[in-house]
Structure formats: structure tokens, C-alpha cells
Amino acid sequence: MLVLIDHANLKEIEALYDMYPYDGVTTNPTILKNEHKNPIQLLKDIRALLPSGCQLHAQVISDTTEGIMEEAHFMLNEIAEDMFIKVPVSSAGMKAIYLLKSEGVNVTATAIYTAMQAFMAGKAGARYAAPYVNRLDNMGADGVQVAADIHQMFRLHNMECDVLAASFKNSQQILNLCKKGVGAVTAAPEVLRALIQHDATFTAEENFENDFYSLVHEIKGIDLNRKHD
Ligand code: E4P
């Protein structure tokens, strides 16, 4: 399962990559807005920061197929030709997904709230489909189940599309999807850090360290050359 960072702050991305080899960065217009910078320059800077082979996903905002195509071509030319273009699954978006796929562009279908939206996006040629897990939970639906259903449908129909589950509030949602075998998840820095943090690990590490130093202290008073009975 690929693990991506759903964020656009350069320092945060650098700090997270320093801790663990993630698989790339996803953004959306809201995430970019939070940084108060020229979004194209920021996406270029993020691309430059990422190790080769890592993915960068950025979203179009147009609501017509023509507009989406124009924006996609602009980003591919300006930022990186191998980047993933995120396209919301509206009718105009579905057509753009099909056209972009026929040009060989990597597409992530986004703003997915139902399994059938994901299925149709996969048929149109999307490489990834991004269901919004926590937003679904907040609507009284089961976000993990929707994402798991999509994964199962893709495999059942031999489609070349994977789930890139997005919108997470906690590590339990990610664990549940990891157990289902989904292709990828993307989450904000605080959720990613929580994936590996556990107080019991910290306590165990501390106890081992204390025991070692107390042994060192004890050894000072022991003749290590003396033969035992
Ligand atoms: C990804 O495609 C989404 O834009 C993002 O994960 C949404 O996350 P949020 O629900 O926390 O805003």
C-alpha cells in the first residue's frame, strides 16, 4: 500500500520524508490555499523536494471538460509531465478522464462518495480513485466500507485502477484499509505521525535504556575476570 502525504507545506513534507520514505504528495485547492503562496511555484517546489519515483497529485478546478483539459495541459507543461492530474468525478470530469487517459496522462479521480462513481471513473481510465473516507463517515456512511467495496470491484473486474483513499481523521481508518489491501492512502501529517506513535513503545524504550545504564553501573563493582562457581 502506497502512503502519501496530503499536504503542501514544504517544511512539513521535508520533515516527514526525513522520518520515513513516503510515496509522494497529494494536494487539493484548499490545501494549497492554506500555504498562501503562488500555487504553481509551490507545486514545482514540492516536485523538486520529492525523491525520484515519488508521485505528485494536483487538482484541476474547471467545471467544463475543455477547461479541465486546458488546466491539465498547463500543469503537465509547467510542473511535471509525469504528475497525476486530480479530476473530480462530475460528468465533465468523466469525459476529461477519458481524454487525458487517451493522451497517456496519469489521472486520479477525486471527490468520490459512492462506489459506482469510482467504478465509472475506473472505466473512463483513471489510474486511481480517491474516496473521501472521513467525509463519508461524517455523513453517516461507512467510509472504510465504501473504499473497501471499490477495491473489491476493481479487482473483481480486472480494472487497472487502484483505490487512493483520502480524507482520514485517525490511524484506525487507515489500518482497516491496509487490511483490505487497498493500493494507496493519503493523509495529513498529524494522521501519518499517529500511524507509528505508541506510548507503550516509548515506555519500553525508556525502560530498556534505564536497565542498560543500571547494568553498566553495577558492572563497575563486579570483577568480570572472576570465574563463577
Ligand atoms: C484528497 O483527494 C482530498 O482532497 C483530501 O484528502 C480531503 O481531505 P479532508 O476531508 O480532510 O479535507
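## Ligand contacts

A polar side-chain atom of S167 lies 2.7 Å from an oxygen atom of the ligand in this predicted model. D6 places a polar side-chain atom 2.6 Å from a ligand oxygen. For K86 the corresponding distance to a ligand oxygen is 2.8 Å. A polar contact is a pair of N or O atoms within 3.5 Å. Alone, the ligand exposes 350 Å², and the protein buries 78% of that (Shrake-Rupley areas, 1.4 Å probe).

The residues around the ligand are D6, N28, K86, T110, Y132, R135, A166 and S167 (a heavy atom within 4 Å). By class, this shell has two nonpolar, three polar and three charged residues. Asp, Glu, Lys and Arg count as charged.

## Pocket

The ligand sits in the largest pocket. Sitting there requires more than half of its atoms within 2 Å of the pocket's grid points. A pocket is an open set of points on a 1 Å grid over the protein atoms alone, where a 1.4 Å probe fits, with protein on both sides within 12 Å along at least five of seven lines.

## Aromatic pairs

The structure holds five aromatic pairs (ring centres within 6.5 Å). F212 and Y213 form an edge-to-face pair (planes over 60 degrees apart): 5.7 Å centre to centre, 75° between the planes. Y17, Y20 and Y22 form one aromatic cluster.

Y213, at 53%, counts as exposed (over 50%).

## Basis

Residues are numbered from 1 along each chain as its sequence is written. In this predicted model, local features need pLDDT of at least 70, side-chain atom pairs count only at pLDDT 80 or more, totals for chains, interfaces and linings use all residues, and side-chain values use heavy atoms, without hydrogens and water.

Definitions and conventions:
Polar contact = N/O pair within 3.5 Å; in protein donor to acceptor, adjacent residues only side chain to side chain. 1 Å grid on protein atoms, 1.4 Å probe; cavity = no way out; pocket = protein on both sides within 12 Å on 5 of 7 lines; lining within 4 Å. Phe/Tyr/Trp six-rings, centres within 6.5 Å; stacked < 30°, edge-to-face > 60°. Buried < 20%, exposed > 50% of the residue type's maximum accessible area, 1.4 Å probe, protein only.
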